[in-house]
Every structure is written in C-alpha cells, then in structure tokens.
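Subject: Handover of a structure and its computed features

Dear colleague,

Please find below the structure that I am handing over to you. My notes on what was found in it follow directly after.

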Amino acid sequence: MELAVKAQGEIGGLLEGASRVAVIACKLCFKQFERDMSEEVGQVKAALAESGKEVVAELDQDFLCNLNSTGKAMAKLDLSGVDAVVTCCCGVGTQVVASLTDKPVIPAANTVGGTSYEGFEPVESKLCMACAQCVLNQTGGICPVAYCAKSLLNGPCGGAKNGKCEVNKEKECAWLVIYDRLKKTGRVQAMMGETRLRDHNRPTWKQRDKLSRQVAETRDLNFYGGVYPVEHKELTEQRPIEVLPAPALAVVPMIQHIGAPCRPTVRVGDAVKLGQLIGDTEGYVSAPIHSPVSGRVVAIEKRPHPVVGTDVEAVVIENDGLDTLDPSCTPCEAPQALSGDEIVEIVQARGLVGLGGAMFPTHVKLKPHKRVDTLIVNGCECEPFLTADHRVMVERADAVVRGMRLVAKAIGVSRCIIGIEDNKPDAAEAVRAAAGADAEVVVIHTKYPQGAERMLVKRLTGRQVPLGGLPLDVGIVVSNVSTCYAVYEAVCRGLPLTRRVITVSGLDVARPGNYEVRVGTPIREVLARACDRAPDALLSDRVIRMGGPMMGLAQSSIDAPVVKGTSGLTVLPQAEIEPDDQRRCVRCGRCVAVCPMELEPHLLWYYAVREDWETLKKLGVLDCIECGCCEYICASKLPLVSLFKRAKLAVRKLPQEK
Amino acid sequence: MLATQIKPDDELLGILPRRVFVLYCLGCREVYFPLEEARALTARLREKGFEVTGEEMADYLCRPDFTRKRLALYGGEVTGAEAILVFSCGVGVQVVAELADRAVFTACDTVNLPGYTGLRPTELDCERCGDCVLGLTGGICPVANCAKSLVNGPCGGAKEGKCEIDKGKSCIWLIICDRLRKQGRLDDLRKIEPIRNYQKGDRRLKSAK
C-alpha cells in the first residue's frame, strides 16, 4: 500500500471554511514497522500549517480499515471542537472514519497502491487483479492481466522493443516472459487456440456481495475474531471411551493445580491404597492429591512435569495391580440430602480441579464470594482433535447432569445453562435428554475459542466479563462438563480425582480414541497403547502436545505423566515452517482481526521483542488469554504466544502503580 | 482482500496432465476457502483416472521463502508428478509457478472482496485510483461503489434508490448526497473534476521491479 500526499493547494481547497482540524493517520498495511508514515504525516501537517489550519486532535491508529478497533479508538477522541477530520490513510480507512463521525472527512493523500496487497511480501512483484476468470493455466503461471500494460489475453501486442514494453521501457514484455516460461516446460501449445476475451463483467457485484456477506456472517458470529482451524475431530468423535490399564509405575506430581504445591504425606516404602491421600497443603487455593493405584511408594523425587516445564517433586508408586480401595472412598447413600457446604467439603477433600486445562481448584469456585445467579456448564470443547468431553457427554450424560445439579446446589443457583458447539449434535441430544427441565441446553456455532469463559458467558447470557475480571464478577460460575462428571464421581461414588478421559489423536496414532487413564500414567505408556511406532521415535520426528494443537503444550519428555488437567495428547507433524522471531511482521492486520480479546497482537509483538514492558501493560497484554489465534493466522509465522507468555510474566513483576 | 472459487471441471480436466500433485493453500481460509469443494474436485480427478501423487495443505503460498521450503520438503510427491495443481489465489499460483520446475495449474478463480487488511470484508472499498475524491463525496467512494464508477453524480438510472445494474445494490450517489446534505456540503459536488485520470492508479504500469 502506498500513499501520495495531495498538493497543499488541493488540501487547503478541500478545507475551505474549516479552521480547526483533527488528523487521523494509519501506519498502513504491508509495510515494515520502521516505516511509520511520519514523513507523509509530516507533509500533511506542513500543508495544513501553510493553509492556516490548526491541528487540535490527533490519532495514530493501525489498520483504520478495521471498524472494530477504529471505532474504539475514535470513541476516545474528542472531536467536538473540530471543523473537519483530515485523514492520512488509504481509501478504505478514510471511508471507515467517515462512517464513524458526522464531521466532514477530508483525505490528504491519494491511494496509489504498491505492487502487493494480496501477497504478503511487498518486495515481490506478484499481483493478482482478482478478475474471477483465472488464465494462469494457459500462461505458465504468469498473469498477463496484471503484467501486460494492455492486459492482453491472447499474446503480445507486437510493440515490444528488445523485450521491453512499449508503454514502459523499464518493464519486461509480460508475454515474452510467459512464452519463455512455457517453452521451458514444453507447453507453448497452451498459448495457441482461440482468441480469448476478458469478461469485464466478472466478478459480478452479486458474486462479490454474496461472498462478502458469507464471510462477514461467519467472521464475527457470537464474538469478535476467532478462527476456524481444520478440526480433525472425525478421527475420534465416534470412538467410545476405552479404559486403559493402570500403569505399572505411577508418577504423581505434587503440582496438579493452580496455587500452592502439595507436600507428600507419604514416605518412601509406605504402602498406599487407591484413593489414599498422598499429597496435601494448608493453602486454600490448592487441591489435595490421591494415589491413582494401590501399591508401594518407591521414590519421592523430581520428575518431568508436562505443564510446569521443569522437573517437579513427584510421588512414584509401584502398582500392585490389586486396586485396593482406600477406606475413605465411600459412596454417598443420599447425595440429595447433602447441603451445599457439605458438597464443597467433599469436592475439596477429593482433590477436584477444573478439567478444562486451567486446573483451578474446584472447591474455590464453588464458594463464590460474590452473588451468583447462573451456572454455565462448558461443553464446547473448541480445540481441534479433542473429543474427550464430547464422549463424556454422549456416554455419561446422566452423571454429568447429576454433577451439574450438585454444583448448582453448592453455589446456590437454580439456573443452569449447558453450552455445546454445533459440531456435536449427539452430545447435545444426550445431555438434553438427561437434563430435562433442570438445564437449558444451548447449541452454539462452532468457532475457536468459543469455549473460553469470556466468549461463552457473552454468548449464553449476553453479559460482558470485565477485562481482568472473572465470570464471577457478572454473577456466573463456569464449569467444564468433565469437571461436573468428576464432581458426581467424588460426591456420589466417593472417588477422588485419580483418573480422567483424554483424547489421543493425530499423525501416526494407529488407534486414535478416547481413553480413561489414571492420573500419573506416563505419556510414554499412553502412546505405546495408541501408536504402533515407538514413543521415543515419535518424540524425535513429531510434535507431541499435551492438549490440542492450538493451546496444547509441546512436550520435551514422554516420561512426564498425565495430570488432572490433561485433556488429550495430540501427535502433530513438525511444522514445515518453524516459528522464527527473526522474521519481520508484514503488518497484514490478520492478528488484529482474529484476536478474541480485541487486542493488537502485532503491536504486542513489536514491544515484546524490545522488552518494553510498560507499553505492553498499557496495550493490555495481561488480557491475552493465550488462545493462539494470532499465532495460527500469522502470515510471518512469528512465535507470538510464547513471547506473550514471557511478556505477561515480566509485566506482572513491574512495580504496581499507586 | 481475496477470495477463491473453484473452476468448473470442463475448464480444467482437458488441459491437466495425468499425474498431478495437489497443493491447497489455507492462508485465506479464515476469509473464504472452499476446502470441501476443493477436496471433492481432487476426488473427482482420481475417479477420472488422474494419478494424484500427493495432497498437501499449506498456507501463505504467497510468501516465496515459505513456498520454496515447502516444495523442497514435499520431495517425491512433486518430483513424481508432471504438474502441480494449486488451489489458491492468483498470487499463490504465480509464486509456485516461479519456484517449481514443472508446469503449474490453478483450480481456482480469484475474486476480490472490499476492504484491505485483516479477514473481514468491509462494505467499503478503495480501488487505489490515485485521484482521491473522498474529500468531496462525504467520505463515500463512487469510483469503487458506483457500478459505473461515475465521479460527477448519479447516472439517473436508479429506481427507488436502487442501482439499475443490480437491484440489490443501493445507488451510491444517493447515499453520497444524503450524507453531504446532512453536513450542509452539497455544494462540494460542484468542485469535482469530472474526468478520471486512469493512468494515476494503473497498477499494471507500476508492477515493474
């Protein structure tokens, strides 16, 4: 994209009668960050000064053509004392600004376009005129519509001299280049045949309008941004849950929740029973840990952890294969007679955490310190590949609903909403049948990350969770379907959280499916059951993620165990193009268009690379939910999420403002 | 902003060599990419006796550095084929055609949608004509939005506010007049140069390296 600032006389003429103006400038797309348009803006301001105009307001905004972010920025701009708004941007930007204010809007520059806007590398002269009748099949992949000065379709005009175009001597004759290319691949025949005429009626307005509407409709449905990755759920969604045998050696890390780590309550050599308490802490935001098998403690030492990244203290238990149940695990005869507080106590004692991935201690959620009127049960499971929640809903709908009723009782609400994406109609049907009149089941359009709390709350209740806040701030508790199932198991059957359903899927997974595994089962054993290839071989040439491809964490060791928050194991091919922070952002604006938190990831990246934590804080980096949409869409494949995670840690360490 | 649509079979099957490697570009999938239809076309190719040496999904074929690397990674899938069939916009096809050592075919027609960056089309478009009239037209572009790209007022063919070219489309000049009237600037229309200089925005002339 290129601009040519209008002559001072023209700008002055357009602003006749106006004395106080606002200047709104865009840094334009497909430009290097360093090329900040200050030269053009300087020229505009000089022209304004020359014409005796006073600049009383200014706005620098990236991607003025983005109605959402420009609307927010303009709302903060005081234009009351302004006679006219002067823009320094492309024609789309000017029109967006004009649609947002009643003041006259005057562009100070002409948009002339560079050679790119469709492509992503401004230095390459690859242009597509989008004529809707592609002739590249006949022209060796070189476009005569874009490169012939006369847009001829049936051969050179004959005016070229020494291979150069007669309209512009700097330019090669496109048709000679086409001829050379075809000759090289032995396809000169492709040029022959009937005279081809260009249909200037294409694309028709109807065609463009229909496509535009189609895109616009799905783009911002339910929430701003988001993406539609290829789901691959068909690999596992019809596979019934299969119970995996307990591991011979269970490795149970003492960190399986957000909050204070647990301390082992057993010693090496102790005999333990299935469900026996083996780790506990005084901290309130924490959850005790129980033995997933019966046997003997053989070690208490640091072991690889799938989430923390470093080695973490773990209790290693040799399984005696008997699954002798600890006497504390007694079923509840009359769960309906329990009071809310009793339910919370049981949930706390049985070590429940959110199974959606964040591993937040469930009992803390069940004791809201604010008034709550609604429970939302999250059955979205928007991550590609994962279908564990899906199968739990289909096969264990009754237990899920019973768990939901217990949660509702604990937090003291009667209104329950279960949100399920429309890619799993069988789950919605099963849950609806089980829930009856107790809950409203809402089927939601499938878009990633619909399962994020903020987006889900907005879609189901219309309430907006404040930035930096929790659903609790708008009177809502959100709980995952599998967590509800675990509540049922804990309360009604007396079982602590020592097993869960995970999806194992992806490349080289010979038996993809949904497996119920014990917490503490090493990844190696799970993969060995599901894959024909040796797990170590997978680690060498595939990427193994705990979770899905969007938010899952790449594992460096397959000795790390499944933990309470593990929703799945996904084996992915190594990226053909590795993320690389040495590449430059081309300012395509796509990350801004997909960020569901409505941030500007390209700016966050720019300042994070420069470690400017203060600016990052102002730009709202702490609101980032690490959903990975920006990294997924990034045309330069920048490692955005890992950088933002690091930036968030650094920003949190900044001294607090008073 | 670009979107792609699949070409009709009869435009493609007659010219395509029998052994092809198929490459889908998902970079613009979030805008619009008919992946299902594309895969269906590949399935039809197989049914009709074409040999498909491989199918790969890539994104941003318009970035030569990425595409060069990918083509090398695909190895035998490419070298075993007589031609590469690309499902992407015209930019992607041209990049592959420049980098590949064999014939490259496209299965798509490319349509441009209004709006530039990001993924959502706006209702507003800019043709980069190089001769911006927005300062006189209330910030609504007649070059991009009038079916006849008139710059000096409505053609007179509109009926009940709708364009005579397509009844689904509003006459942009009536909208321009409404906005200018609201701002008390109708006289601005008299200042417009009635003749458009087509050379100023001609991208074909600027596309030399």
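How many salt bridges does the structure hold over all chains? The total is 49, a salt bridge being a side-chain nitrogen of Lys or Arg within 4 Å of a carboxyl oxygen of Asp or Glu. Side chains of opposite charge can pair when their charged atoms come close.

Some conventions apply throughout. This is a predicted model, in which local features need pLDDT of at least 70 and side-chain atom pairs count only at pLDDT 80 or more, while totals for chains, interfaces and linings use all residues. Residues are numbered from 1 along each chain as its sequence is written, chains are lettered from A and ligands numbered from 1 in the order in which they are written, and side-chain values use heavy atoms, with hydrogens and water left out.

One of the salt bridges joins A:K72 to A:E598, with 3.1 Å between the closest N and O atoms. This pair links distant parts of the chain, 526 residues apart: A:K72 belongs to helix 3 (residues 67-75) of chain A, and A:E598 to the loop between helix 17 (590-594) and helix 18 (601-609) of chain A. Helices (H or I, at least four residues) and strands (E, at least two) are DSSP runs, numbered from the N terminus.

The interface

Between chain B and chain A there are eight salt bridges. Among them is the pair A:K637 and B:D59, at 2.8 Å from N to O. In terms of contact (heavy atoms within 4.5 Å), 87 residues of chain B touch 105 residues of chain A. The two chains bury about 8,000 Å² between them, and 58% of that lies on carbon and sulfur atoms; buried area is the accessible area (1.4 Å probe) that two parts lose on being put together, summed over both. Of the area that chain B buries against chain A, 10% comes from B:Q94, B:R120 and B:R204, more than from any other three residues.

The cavities

Fourteen is the count of cavities of 30 Å³ or more in the whole structure. On a 1 Å grid over the protein atoms alone, a cavity is a set of points where a 1.4 Å probe fits but cannot get out, and lining residues have an atom within 4 Å of a point. Grid points are joined across faces, edges and corners, and a volume is the space filled by probe spheres set on the points. The largest cavity has a volume of about 160 Å³. Its lining comprises 16 residues, with A:Y485, A:A486, A:L497, A:R499 and A:R500 nearest the centre. Helix 14 of chain A contributes the most to this lining, namely four residues.

Backbone geometry

Most residues other than glycine have a negative phi, and most peptide bonds are trans. The bond from A:R202 to A:P203 is cis, with omega near -10°, and A:P203 sits in the loop between helix 6 (174-184) and helix 7 (205-219) of chain A. A cis peptide bond also joins A:Y448 and A:P449, with omega about -10°. A:A130, although not a glycine, has a positive phi of about 55°.

With kind regards

Note on methods. 1 Å grid on protein atoms, 1.4 Å probe; cavity = no way out; pocket = protein on both sides within 12 Å on 5 of 7 lines; lining within 4 Å.
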